[in-house]
Amino acid sequence: MNILEIIAKKRDKKELSKEEIEFFIKGYTNESITDYQAAALVMAIYLNGMTDEELFNLTFSMANSGEVLDLSEFGTNVVDKHSTGGVGDKVSIVLLPIIASLGIPVAKMSGRGLGFTGGTIDKLEAIPGYNTSVSIDSFKEYVHKIGISMIGQTMNLAPADKKIYALRDTISCVDNIPLIASSIMSKKIAAGANKIVLEVTYGKGAFMKSLEDAKLLAEKMESLGKYAGREVKSVFTPMNEPIGFAVGNTLEIIEAINFLKGKELPDDLKNIVLEIGSYMIKLAGKGDNLEENKKKMLENINNGLAFEKFKQMVEMQGGDASYLNDINRFEKAKYMVQVKSDKKGKITEINAEDIGKLACELGAGRIKKDDKIDMSVGIVLNKKVNDFVEQNELLATIYANDEEKCKIAVEKIKNIIKI
Ligand code: URA
């Protein structure tokens, strides 16, 4: 078997066999297949799609490219959650400590930013000292000790996805049903939870632009989960404007901290967190009544238990928790420019994809695979769609470390926020 024949077969719209898919995944993981060959095959998959059988084989060979965790030591209901990606999406960061504070074990493996969307792992790394790259033994030990761990894909879990995920980001092959379904489900299968809630986003700031496509993606992921013996529930989240107000790594961590402290709970973020969380609690066998579940979650924000759990997790993973107590300690961007409205009116659109791209241009995301992220830059919106604004009222603040990029962002955002 050789990779050139496999690329040519997919290029010519033919179906790949299980052996051919496994050959590619093994070869790319052990680096006998190069990035440019993998890029060609991924692009051919993007353009020509995959049959259900190919998708099944791709997902399972990606899941089996490293270790597959057995989390049964944590009980029969270990719950996980994954988002198909969004802008300003700090849902996992606030939701999972709330779930853990209710006594439900959380063992979560998250991804980095992809395309114009941010990634939970990049955001967690905005907390000085927080180590997202830990061994499987430490990961399990943390869950045993405090009931939660959130780590990156740096250890030997679905390493093929880690490589393909980073590659897709740099060759414009992100927004594609088989590639997203195999990426997410290979990670979820390898990470070991047997109950999984999927946050399937759709709209201008999501990879799936319509609810119809989001449903198709969810269907594929649910059937892959079923094959693997996992119970999967999909929750559909509209993503036309960013979630909450902050976009950018440190800025989103600060918004998440304020949320967990019960200080500021933006309506959209709150509703998504409660909706997904209520299903996680149900799947964990801790309550069938979704409204009651939401109440329990709010209670643990108000009584401080959720924030306490977040702090414990940060400390356990080497992070400096003093930043959580005093958010002013986070490093600030060099330029902070307020953008004000030049007219009075109603906000009709804040395109999430445009905001995500703007944040990337400021340095909050990657253009090339090995780009370093600038943690402190981004955008904090002051308004949501349907809000009213007065002339000269604050619309958003741009956080930048480069004067020229800052100037460009100030001009661009005036066109992105439609009044
Ligand atoms: N999240 C993932 O883990 N993979 C994707 O492809 C998209 C979102």
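I began with the shell around the ligand, which by class has four nonpolar, four polar and two charged residues (Ala, Val, Leu, Ile, Met, Phe, Trp, Tyr, Cys and Pro count as nonpolar, Asp, Glu, Lys and Arg as charged, and the others, Gly among them, as polar). I kept in mind that this is a predicted model, where local features need pLDDT of at least 70 and side-chain atom pairs count only at pLDDT 80 or more, while totals for chains, interfaces and linings use all residues. Residues are numbered from 1 along each chain as its sequence is written, and side-chain values use heavy atoms, with hydrogens and water left out.

I then looked up which residues surround the ligand, and found among them Leu 114, Tyr 165, Arg 168 and Ile 180, a residue being near if one of its heavy atoms lies within 4 Å.

For polar contacts (a pair of N or O atoms within 3.5 Å; within protein, one must be able to donate a hydrogen and the other to accept it, and residues adjacent in sequence count only if both atoms are side-chain atoms), I noted that a polar side-chain atom of Lys 187 lies 2.6 Å from a ligand oxygen, and one of His 82 lies 3.0 Å from a ligand oxygen. The side chain of Ser 183 places an N or O atom 2.7 Å from a ligand nitrogen.

H9 supplies the largest share, four residues.

Key
Helices (H or I, at least four residues) and strands (E, at least two) are DSSP runs, numbered from the N terminus.
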